[in-house]
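This report describes a protein chain for a reader who has its sequence and coordinates at hand. Please consult both while reading.

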Amino acid sequence: MTRVLIVGAGPAGMRAAETLATAGITPVVVDEGARAGGQIYRRPPRGFSRRPEALYGSEASNAIALHQCFDALVTQNRVEYRAQTSVLGLRDGTAHLSGPAGYEQIGFERLILATGAMDRVVPIAGWQTGGVYTLGAMQIALKAQGVALGRQIVLLGTGPLLTLLAVQLVQSGADVRAVLDTSDMCGQVRGGVAMAAVRPWVTLRGLGLRRQLGRRYHAGITPLRIETDEQGPTAVHWRDAKGTQHVTSCDAVGMGWHLRAETHLSDLAGAQFYWDEDFVQWLPEIDGFGRARANLYLAGDSARLLGADAAEIAGRLAATACLRDMHLAAPDPIADLRRIDRMERFARAMQRAFPWPANMVRQTEDHTVLCRCEGVTAGDLRQTADWSGPEANRAKSLGRVGMGRCQGRYCQLAGAEVIAAQAAMRTEDVGRLRSQAPVRPVPLSALIQASSD
């Protein structure tokens with residue numbers, strides 16, 4: 001049995017592993033990626049060479065340092081790294097895995113979950129069509145393969161990734177036709193002042209990215225629909241802040257509204273959840289170090305959506321708490337606690353500057369597909385909610401929303417808004433979908449092997 005299991009090898013998981021290794025603990029790190037780095041510091045495949053500055057921009061030196069540190073720990077056998085491996089479920093101190101070796105189980109005494117986050121999307125007519133991607137997917141293709149997904153691209157959503165990806169695509173030579181932000185300029189200014197008061201240089205860097213986009217960028221827009229044909233998107237129909245309608249031709253669309261925490265494993269591990277008003281989603285309850293309960297620690301965007309820098313700090317804090325609970329020598333956490341508090345204040349100000357468009361989601365037209373996996377429309381969900389009652393899990397069981405391959409990762413939060421509007425109640429009162437194993441699609445051969453073990 002391993003003493004400490006870490007799930008995720010992004011900034012949080014790598015720093016947690018480093019902290020434990022420094023204290024003489026050899027953790028097992030399980031990660032779905034082929035190489036450690038997570039999404040933000042994703043590395044190209046071996047043999048595929050690109051300059052770090054082209055991949056990570058101003059964070060290149062930090063990304064390189066993290067990669068080198070973690071790789072050295074693995075080479076020195078101070079960390080056991082399981083790449084391309086998914087954790088399918090957790091139960092009674094055992095992790096159920098699927099990877100290159102097939103199905104296996106790992107027992108553990110303590111668990112650090114650094115599972116990160118994923119794109120959050122708003123259902124728009126046409127978004128289920130091939131050629132419509134999340135912002136994160138477009139960025140992964142650009143980082144990992146040097147590929148722009150599309151010849152004429154429209155980006156749609158809000159938050160820092162929207163403008164960052166737009167600039168990265170433009171710098172790579174891609175034709176970005178428009179960058180459409182649903183957040184209005186007045187709200188951005190108010191939130192930006194609060195952001196600048198906490199982290200002025202980061203705020204100024206974001207403004208610098210915005211300026212590079214020039215007339216491509218439009219604030220306060222309302223997306224109407226994505227026009228498609230058999231090949232994919234052909235245009236985005238949208239309304240500007242003054243109410244004028246526009247049609248922008250394209251052959252690819254990227255969309256995303258900040259992130260949603262990846263919480264399926266923390267749910268199975270016994271974490272409790274609360275509704276966060278700023279991030280407008282259910283997040284796990286943790287203390288300042290990331291403790292969710294005895295022997296369970298959460299780090300990075302899977303618990304607090306604060307970005308890569310904060311994820312590194314959170315990884316160290318989670319490992320520090322783990323060492324303390326084992327009555328072992330641990331780093332002094334005071335400086336890290338202060339820094340992560342400042343980063344949280346910045347992230348909450350940013351959420352207010354670039355808010356989740358709840359009212360827009362609540363008014364989703366009946367014919368718009370809401371759950372892509374099961375083909376459930378907003379109208380279907382409203383009809384289901386009328387006789388299931390305004391409770392997320394009953395609507396799921398009776399109407400199949402959130403029952404597909406992604407297990408509600410894309411539709412749960414939007415679905416809760418639609419149900420809440422239909423019942424004239426608060427979104428948080430709808431509840432959240434219960435997580436179930438396996439939390440990832442798994443080959444039948446692995447399930448057969450599991451049942452015979």
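The sections below move from the whole chain to selected residues.

## Overall architecture

The model is predicted. The protein chain contains 15 helices and 22 strands. Its C-alpha trace extends over about 65 × 50 × 40 Å along the principal axes. The radius of gyration is 22 Å, which agrees with the value near 22 Å that a compact globule of 453 residues would have.

Among contacts with a separation of 6 or more, 67% join residues 24 or more positions apart in the protein chain.

## Burial, surface and charge

Of the 453 residues, 53% count as buried. The protein chain exposes about 19,700 Å², and carbon and sulfur atoms supply 49% of that area.

The charged side chains comprise 50 positive and 44 negative ones. The centres of these two sets lie 4 Å apart.

Aspartate 276 belongs to strand β17, which covers residues 273–276. Its relative accessibility is 4%, so aspartate 276 counts as buried, the cut-off being under 20%.

The side chain of aspartate 276 makes a polar contact of 2.8 Å with the side chain of arginine 348. When residues up to four places away in sequence are not counted, aspartate 276 touches Gln281, Leu283 and Arg348.

Arginine 43 is located in the loop between β2 and α2, the latter being residues 52–56. Because its relative accessibility is 13%, arginine 43 also counts as buried.

A polar atom of the arginine 43 side chain lies 3.0 Å from the backbone oxygen of alanine 36. Apart from residues up to four places away in sequence, arginine 43 touches Arg35, Ala36, Tyr56, His67 and Asp71.

## Alanine 23: a partly exposed loop residue

Alanine 23 occupies the loop that runs between α1 (11–22) and β2 (28–30). With a relative accessible area of 34%, alanine 23 is partly exposed, since that category falls between the cut-offs of 20% and 50%.

Once its neighbours within four places in sequence are left aside, alanine 23 is in contact with Leu323 and Ala329. Tryptophan 282 is 259 residues from alanine 23 along the chain, and the C-alpha atoms of this pair are separated by 34 Å.

## Backbone geometry in the loops

Asparagine 77 has a phi near 60°, a positive value in a residue other than glycine. Asparagine 77 lies in the loop between α3 (60–75) and β3 (80–82). Its relative accessible area of 64% means that asparagine 77 is exposed.

The loop between α14 and α15 includes alanine 424. Although it is not a glycine, alanine 424 has a positive phi of about 55°. Alanine 424 counts as exposed because its relative accessibility is 72%. Proline 438 is likewise placed in the loop between α14 (412–423) and α15 (444–452). The peptide bond from alanine 437 to proline 438 is cis, with omega near -5°.

Terms used:
Residues numbered from 1 in each chain as written. Predicted model: local features only at pLDDT ≥ 70, side-chain atom pairs only at ≥ 80, totals over all residues. Heavy atoms only, no water. Helix = DSSP H or I, 4+ residues; strand = E, 2+ residues; numbered from the N terminus. Rg over C-alpha atoms; globule rule 2.2 N^0.38 Å. Buried < 20%, exposed > 50% of the residue type's maximum accessible area, 1.4 Å probe, protein only. Contact = heavy atoms within 4.5 Å. Areas by Shrake-Rupley, 256 points an atom, 1.4 Å probe, with all protein chains shown as cover. Lys, Arg positive; Asp, Glu negative; His and termini not counted. Charge placed at Lys NZ, Arg CZ, Asp CG, Glu CD. Polar contact = N/O pair within 3.5 Å; in protein donor to acceptor, adjacent residues only side chain to side chain.
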